[in-house]
Amino acid sequence: MAVVALFAVFANNHANADTLQSPSCEAGCCNVSECDSIDIPVFIVDGVEVQNLNGIAPEDVLSVSVVKTPEVMKLFRPRVGGVVIIETKSKKFLKPIVERYNKMTDEQKKNRIPGQLLIR
C-alpha cells in the first residue's frame with residue numbers, strides 16, 4: 001500500500017517529460033550543472049540503489065521515507081527528484097551483497113600465507 005501511495009505522489013510531481021528539467025532552470029540559465037539536472041527520484045532499498053520497485057511486495061515494506069535535503073541531493077546529482085529510502089523485512093537486495101562479501105573474505109583468509117604482509 002505504501003509503495004502504491006509513493007508512486008501516486010511521484011506521478012503528480014513527474015507527470016510528463018516536460019518536468020524532467022530542473023524547476024529552477026530558465027531559458028537564460030548559465031549554470032550548466034543546474035540545467036542538466038533531471039527531476040527523477042533515486043530509490044534506495046535496504047541500502048542498495050535499485051532502478052525500479054517492481055520486485056518489492058507491499059507487505060514486505062517496513063518503512064518508506066523521502067529525503068530532499070541539499071546535502072543528500074548533492075550525492076545523487078544530476079537526479080534531483082529526491083531520495084526514496086525503503087526498508088524491507090526480507091532484506092532481499094542486501095543479502096546477496098553481504099553473502100558475496102563474506103565469500104570473498106573467506107577465500108582471502110584461506111589463501112593468506114602466515115606472516116606475509118601485503119602493502120598497497
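Asp46, Glu87 and Lys91 form a linked network of salt bridges. The model is a predicted one.

| Pair | Closest N and O atoms |
|---|---|
| Lys91 and Asp46 | 3.8 Å |
| Arg79 and Glu49 | 2.6 Å |

Lys91 sits in the loop between E4 and helix H4 (95–111), and Asp46 in the loop between E1 and strand E2 (48–50), so their bridge ties together parts that are 45 residues apart in sequence. Asp46 is buried at 8% relative accessibility, while Lys91 is partly exposed at 25%. Glu87 is also partly exposed, with a relative accessible area of 37%.

The bridge of Arg79 with Glu49 joins the loop between helix H3 (70–75) and E4 to strand E2, so it ties together parts that are 30 residues apart in sequence. Arg79 is partly exposed at 22% relative accessibility, and Glu49 is partly exposed at 36%.

Eight residues make up the largest nonpolar core: Phe43, Val45, Val50, Leu53, Ile56, Val61, Val84 and Ile86. Strands E1 (42–45) and E4 (83–88) each contribute at least two residues to this core. Another core, of five residues, lies apart from it and includes Val42, Ile44, Val67 and Val83. Leaving out residues up to four places away in sequence, Ile56 touches Val45, Val61, Thr88, Lys92 and Phe93.

The largest pocket has a volume of about 240 Å³. Its lining consists of Gln108, Asn111, Arg112, Ile113, Gln116, Leu117, Leu118 and Arg120. By class, three of the lining residues are nonpolar, three polar and two charged.

Conventions
Residues are numbered from 1 along each chain as its sequence is written. This is a predicted model: local features need pLDDT of at least 70, side-chain atom pairs count only at pLDDT 80 or more; totals for chains, interfaces and linings use all residues. Side-chain values use heavy atoms; hydrogens and water are left out. On a 1 Å grid over the protein atoms alone, a cavity is a set of points where a 1.4 Å probe fits but cannot get out, and a pocket is an open set with protein on both sides within 12 Å along at least five of seven lines; lining residues have an atom within 4 Å of a point. Grid points are joined across faces, edges and corners, and a volume is the space filled by probe spheres set on the points. Ala, Val, Leu, Ile, Met, Phe, Trp, Tyr, Cys and Pro count as nonpolar, Asp, Glu, Lys and Arg as charged, and the others, Gly among them, as polar. A nonpolar core is a set of buried Ala, Val, Leu, Ile, Met, Phe, Trp, Tyr and Cys residues joined through side-chain atoms within 4.5 Å. Buried means under 20% relative accessible area, exposed over 50%, partly exposed in between (1.4 Å probe, protein chains only). Helices (H or I, at least four residues) and strands (E, at least two) are DSSP runs, numbered from the N terminus. Contact means heavy atoms within 4.5 Å. A salt bridge is a side-chain nitrogen of Lys or Arg within 4 Å of a carboxyl oxygen of Asp or Glu.
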